[in-house]
Amino acid sequence: RPSPPPTAAHASPPTHPIAAMSTGETKPWDKVRFPPKPPLKRKGRLNKKQLTEFFRKCETMLLSGESTQLLYQARMAGKDINKLCVKWQHEMFEHLGIHRDFGVDSLKNIQVNFPSDKSMPHLLMKFARICQMSVMKAMMPQARAGEEKRRYKPASKLINNPGGVMPAHAILKFFRKCSEELRSPETAKLLRKANGEGKDLQKLSIRWQREIIELLGYDQEFGVNSMMMMPLFYSQDRRLMVEMQLFQQTCQRVVQQAKAPSMIADLDPSKRRFKPKSGKLISSGKLSRKHYIQFFKECQKVLASEESISILKHAKRQGKNPGLVSVQWQREIFESLGVEQDFGVESLNRLAIDFPNDKEIQTEMVKFAKACAQIIKKVDPEGAKKALELNKRRVEEAKLRMKKPMTLQERPKPSEETVEGEIVGPANPVEKETSKPTKSKKEADDEEMAMMLMMLAMEEEKKAKEGQKK
């Protein structure tokens, strides 16, 4: 559960006047940004207009690039940025002619003072979210578009609406454009080069994302704020929330692959078991029904073959992880069908939205999941059993989450487990849409194991990497 947002109503007033540094120099974040305008109101009641103005001005201030920069500098200097946010809110009250203590009490009593006005609690909730956002932004790597040579040129005119959000169709376009660019061979090449030069790949990725926001015609700060405010405005838009999660996974995956490309199909096609289809690979749009069915059937055929079992057993004897080898084959199969591997993985996560009622796809997907489980059980029975035991609780939690739409706060933080795990177990989101015949314990275990094996494989790989670092 996230910590309470740094609103004035949740913290005691800081010491005042502002303390100077021991050197006598006042740091930029310690300066008074909003001077008081006496006389200050200390009693009575603040009306809706006065509170709305406070919310509006605070939101504009907290969402500004200036505030983000000051909070980042203060954090790097070891300051408590939550208290700094509260200090600015106190300053804003007194800048509007309201004593800080009286203003704080008014926020605490907003539901008492406006019992029948449903808009006021909503404004307070939005304000609290923005306060939390301002701190979250300061915790992110600072990488503004325009600080270095741009990869993507900005539009001639940029839209900015502080306190508002980009329209849903524009956010969706951003997620898809960004994902397409991050999956591109050019991006992979640039990230590998930057990693070799010791650069911060996350920072580089964030700068590209900000550039794409401006390429689409929106101010970069407004765009970043829009993404962070999505749960307040679009929490019921299932497609948009799914696209957001897929975008987050893509952002993390491309950075991980640039550092340690263990999950991807070999970049040298001559070393692959399944060669890529000639010509340009599909890397955007909506994957066709035909491609999904071809992928599931081809994977079932490959994973059920004696040749595959023999190769995986040999890989295990050499100390390799059979699960990772199996996933590389699946990625190779995507490209042998003309689908770029990362786009294929991403598309599996989108199946429940693109084809929610397609019985044939659902049937083939379940067969695919079972094939993934069965081959690992044959090759590494102890590892399969361990995967089932370690991840039983995770699957149950995932099933519970699928019963209702999730807001950003409720969604699990993208991790190594969520990035690649879907490729061997995408069946769960769609299974809930179908009628469920009674299954034996063995069948249920097989389907659950299909989701779990990759999680375990990635955990083991992560531990191995940590051991090498030590």
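Tutor: Contact here means heavy atoms within 4.5 Å. The model is predicted. By that cut-off, and leaving aside neighbours within four places in sequence, His 99 is in contact with Leu 40, Lys 41, Arg 42 and Glu 94. His 99 sits in the loop between helix H3 (81–95) and helix H4 (100–108). Its relative accessibility is 14%, so His 99 counts as buried.

Now the rings. The structure holds 13 aromatic pairs. One of them joins Tyr 292 and Phe 355 edge-to-face, at 5.7 Å centre to centre and 80° between the planes. Tyr 292 belongs to helix H13 (residues 289–304), while Phe 355 lies in the loop between helix H17 (351–354) and helix H18 (359–379), so the pair ties together parts 63 residues apart in sequence. Both Tyr 292 and Phe 355 are buried. Elsewhere, ring pairs link Phe 54, Phe 55, Phe 93 and Phe 127 into a cluster.

Rings also meet charges. Arg 45 lies over the face of Phe 114, 4.8 Å from the ring centre. The charged end of Arg 273 sits over the ring of Trp 329, at 4.5 Å from its centre.

Last, helix H16 (residues 341–349). Nine of its nine residues are buried, so H16 is largely enclosed by the rest of the structure. Among them are Phe 343, Val 345 and Leu 348, but also Asp 342 and Glu 346. At the start of H16, a side-chain oxygen of Glu 340 comes to within 3.1 Å of the backbone nitrogen of Asp 342.

Definitions and conventions: Residues are numbered from 1 along each chain as its sequence is written. This is a predicted model: local features need pLDDT of at least 70, side-chain atom pairs count only at pLDDT 80 or more; totals for chains, interfaces and linings use all residues. Side-chain values use heavy atoms; hydrogens and water are left out. Buried means under 20% relative accessible area, exposed over 50%, partly exposed in between (1.4 Å probe, protein chains only). Helices (H or I, at least four residues) and strands (E, at least two) are DSSP runs, numbered from the N terminus. A polar contact is a pair of N or O atoms within 3.5 Å; within protein, one must be able to donate a hydrogen and the other to accept it, and residues adjacent in sequence count only if both atoms are side-chain atoms. Rings of Phe, Tyr and Trp (its six-membered ring) pair if their centres lie within 6.5 Å; planes under 30 degrees apart count as stacked, over 60 as edge-to-face and the rest as tilted. A charge sits over a ring if NZ of Lys or CZ of Arg is within 6 Å of the ring centre and within 35 degrees of the ring normal.
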